Amino acid sequence: MIINHPLLGPRDAQEFTYLGDAALIERPDWQAEDAHRQFYEYLYLRDNPAGEHRELWFHEQGDRSWLVVTRNTLTHEITHVDLARDVARAKGRSK
Amino acid sequence: MHDLVAITSLGANAARLDCVGAVTLTEVPDWALASVTARLGQEDACRVALATLLGVELPGPGGMVAGPEVSAFWTAPDQWMVEAPYEAHQDLARAVKEVMGDTASVTEQSDGWCRFDIEGEGLGAVFERLCNLDLATAAPGSASRTAIEHMGCFVLCRTAGGHISVIGPRSSAGSLHHALLTAMSSAL
């Protein structure tokens, strides 16, 4: 599988490690009223789509950036790759 | 007073030199390295300061540039590795930090890495056995980190196809040297 790195171009999946659902970027506020419930959902509940899935990959043997990869779980076709920090900043996060 | 003997990354008194046909594999112990990482919110100021230090424009992703005194290659977003001859820059990290100020975190890297230079014809065939990078078509001035025999190494293309530097983890210098020499023996 080839991942088209936004900065470095096509790189073999061998250079990457996989973390999981890109929803992990959206860590809940620990001071919220229902933080207990939110963290339960954040940690344990995952969609398991047969089709398009946004997921976090780490370019461990490359520039060590985190990527948000949109991959079809049925065909392994990768339709979109973003730097995770750009995704987080677009959501108003500082880092 | 300690009386310490300087040794190379392969543990010898002098740099190792191997030849396979007309291609040479040289251990290069006399270069200083320092990493520069922009601090959050200081990215633009960091770029200006580093460009001033280098005297040339900063390298973009997958690139390297050589300035009059020091060179640099891109290692990650907002992160660069600065390299310079060790003899004239024994305190490279401190000198870089003085220029960068609070715009970046600078870390001494010289002793964390070992460097091997491979020079000669036919290096494309050697490196297609070692890593995923296509060095047969790589432009001079390209610098990328990739895996060689499970070791994360920087591969720097100094001249088109004729002079390549491999900068790898120093604690695995022996394994890296073995991998490079084996690939040269089988390809050339």
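Strand S3 of chain A, residues 17-21, is hardly covered, with 0 buried residues among its 5. A residue counts as buried if 20 or more other C-beta atoms, placed from the backbone, lie within 10 Å of its own. This is a predicted model, in which local features need pLDDT of at least 70 and side-chain atom pairs count only at pLDDT 80 or more, while totals for chains, interfaces and linings use all residues. Residues are numbered from 1 along each chain as its sequence is written, and chains are lettered from A and ligands numbered from 1 in the order in which they are written.

**The sheet of chain A**

- S3(A) pairs with strand S4 of chain A, residues 52-58, in the antiparallel sense over 4 bridges; two strands pair if DSSP finds at least two bridges between them.
- Tyr18(A) has Trp57(A) in S4(A) as its bridge partner.
- The two strands belong to an open, antiparallel sheet of 4 strands in chain A, ordered S3-S4-S5-S6.
- At the edges of this sheet are S3 and strand S6 (78-83) of chain A, each of which pairs on one side only.
- Neighbouring strands of the sheet are turned by 30 degrees against each other on average, direction ignored; the axes are lines fitted to C-alpha atoms.

**Chain A as a whole**

- Chain A has 2 helices and 6 strands; helices (H or I, at least four residues) and strands (E, at least two) are DSSP runs, numbered from the N terminus.
- Read from the N terminus, the order of elements in chain A is β-β-β-α-β-β-β-α.
- Of the 95 residues in chain A, 15% are buried.
- Along the principal axes, the C-alpha atoms of chain A fill a box of roughly 45 × 30 × 20 Å.
- Among contacts in chain A with a separation of 6 or more, 47% are between residues 24 or more positions apart; a contact means that the C-beta atoms of two residues, placed from the backbone, lie within 7 Å.

**Chain B as a whole**

- Chain B contains 4 helices and 11 strands.
- The radius of gyration of chain B, 17 Å, agrees with the value near 16 Å that a compact globule of 188 residues would have; the radius is taken over C-alpha atoms, and the globule rule is 2.2 Å times the number of residues to the power 0.38.
- The box filled by the C-alpha atoms of chain B is roughly 50 × 50 × 30 Å along the principal axes.
- Of the 188 residues in chain B, 38% are buried.
- Residues at least 24 apart make up 58% of the contacts in chain B between residues at least 6 apart in sequence.

**The two domains of chain B**

- Chain B is assigned domain 1 (17-29 + 112-187) and domain 2 (31-111); the bounds come from an automatic or database domain assignment.
- The centres of the two domains, taken over C-alpha atoms, are 23 Å apart.
- Their contact takes 12 residues from domain 1 of chain B and 10 residues from domain 2 of chain B.
- On the domain 1 side, strands S8 (113-119), S9 and S10 (151-159) of chain B each supply at least two residues, and S9(B) gives the largest share, 4 residues.

**Where the chains meet**

- The contact between the chains involves 12 residues of chain B and 11 residues of chain A.
- On the chain B side, strands S5 (71-76) and S9 (142-148) of chain B each supply at least two residues, with the largest share, 4 residues, coming from S9(B).

Notes
Buried ≥ 20, exposed ≤ 12 C-beta atoms within 10 Å, placed from the backbone. Axes fitted to C-alpha atoms, helices over the stretch in contact; angles between N-to-C directions.
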